[in-house]
Amino acid sequence: MDKRRKLTKAERQVVYDKMEGHCAYCGCEISLQTMQVDHVTPLRKGGSETMDNMWPACRSCNHYKHTLTVEQFRQEISKAPNRLMRYDTAYRLAVRFGLLELNRKTVTFYFERKEDGADGL
Ligand SMILES: [Zn+2]
């Protein structure tokens with residue numbers, strides 16, 4: 001287990017406000033109560049316990065990102081379609097019959113779309 005400093009309520013609010021109530025990665029809406037604080041550069045990879053290394057994340061993204069860097073997390077997500085095609089017959093079937101469409105677009109995170117100033121964010 002990483003040794004994590006417990007944030008004050010005010011500090012949690014600062015992290016929350018960074019993405020205006022969204023997960024920094026997938027962009028889903030999160031509440032202050034359900035927000036998980038992600039260390040952008042994981043502590044195990046030399047990341048610090050400073051506010052600039054903390055972003056709001058949903059439970060799912062925080063779980064999957066775990067000790068990955070942002071780029072490693074992107075690569076993991078990018079591998080998902082291949083994994084599903086390889087190991088999940090229901091997924092393969094759905095693709096074969098056109099119920100799901102496999103695409104290979106680049107994974108972009110919410111914080112990147114937000115920086116680009118895209119509409120609707
Ligand atoms: Zn998320």
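Author: A word to start with: a residue is buried if its relative accessible area is under 20%, exposed if over 50%, and partly exposed in between (1.4 Å probe, protein chains only). The model is predicted, so local features need pLDDT of at least 70 and side-chain atom pairs count only at pLDDT 80 or more, while totals for chains, interfaces and linings use all residues. Residues are numbered from 1 along each chain as its sequence is written, and side-chain values use heavy atoms, with hydrogens and water left out.

Reader: Is Asn53 buried or exposed?

Author: Let's find Asn53 first: it sits in the loop between E1 and E2 (strands, E, are DSSP runs of at least two residues and helices, H or I, of at least four, numbered from the N terminus). Its relative accessible area is 7%, so Asn53 is buried.

Reader: Which backbone oxygen does the side chain of Asn53 reach?

Author: Asn53 touches several residues beyond four places away in sequence, including Asp38, His39 and Gly47 (contact means heavy atoms within 4.5 Å). At 2.9 Å, its side chain reaches the backbone oxygen of Ser48.

Reader: What arrangement do the four donor atoms around the zinc ion have?

Author: The zinc ion is coordinated by the SG atoms of Cys23, Cys26, Cys58 and Cys61, at 2.3 to 2.4 Å (donors are N, O and S atoms within 2.8 Å of the metal, or 3.2 Å for Na, K and Ca). Four donors count as tetrahedral if all angles lie between 85 and 135 degrees. Here the angles are 104 to 113 degrees, so the arrangement is tetrahedral.

Reader: How many residues apart are Cys26 and Cys58?

Author: Cys26 lies in the loop between helix H1 (9-18) and strand E1 (36-39), and Cys58 in the loop between strand E2 (54-57) and helix H2 (59-65). Cys26 is partly exposed because its relative accessibility is 38%, whereas Cys58, at 9%, is buried. This pair links distant parts of the chain, and the separation is 32 residues.

Reader: Why is the pair of Phe73 and Phe109 called stacked, and what is the angle of the planes?

Author: Rings of Phe, Tyr and Trp (its six-membered ring) pair if their centres lie within 6.5 Å, and planes under 30 degrees apart count as stacked. Phe73 and Phe109 have ring centres 5.5 Å apart, and the pair is stacked because the angle of their planes is 10 degrees.

Reader: Where does Phe73 lie?

Author: Phe73 is buried, with a relative accessible area of 3%. Its partner Phe109, in the loop between helix H4 (89-96) and helix H5 (110-115), is 36 residues apart in sequence, so the pair ties together parts of the chain, and Phe73 lies in helix H3 (residues 70-87).

Methods: Four donors count as tetrahedral if all angles lie between 85 and 135 degrees; four count as square planar and six as octahedral if opposite donors are over 155 degrees apart and all others between 65 and 115; anything else is irregular. Rings of Phe, Tyr and Trp (its six-membered ring) pair if their centres lie within 6.5 Å; planes under 30 degrees apart count as stacked, over 60 as edge-to-face and the rest as tilted. A polar contact is a pair of N or O atoms within 3.5 Å; within protein, one must be able to donate a hydrogen and the other to accept it, and residues adjacent in sequence count only if both atoms are side-chain atoms.
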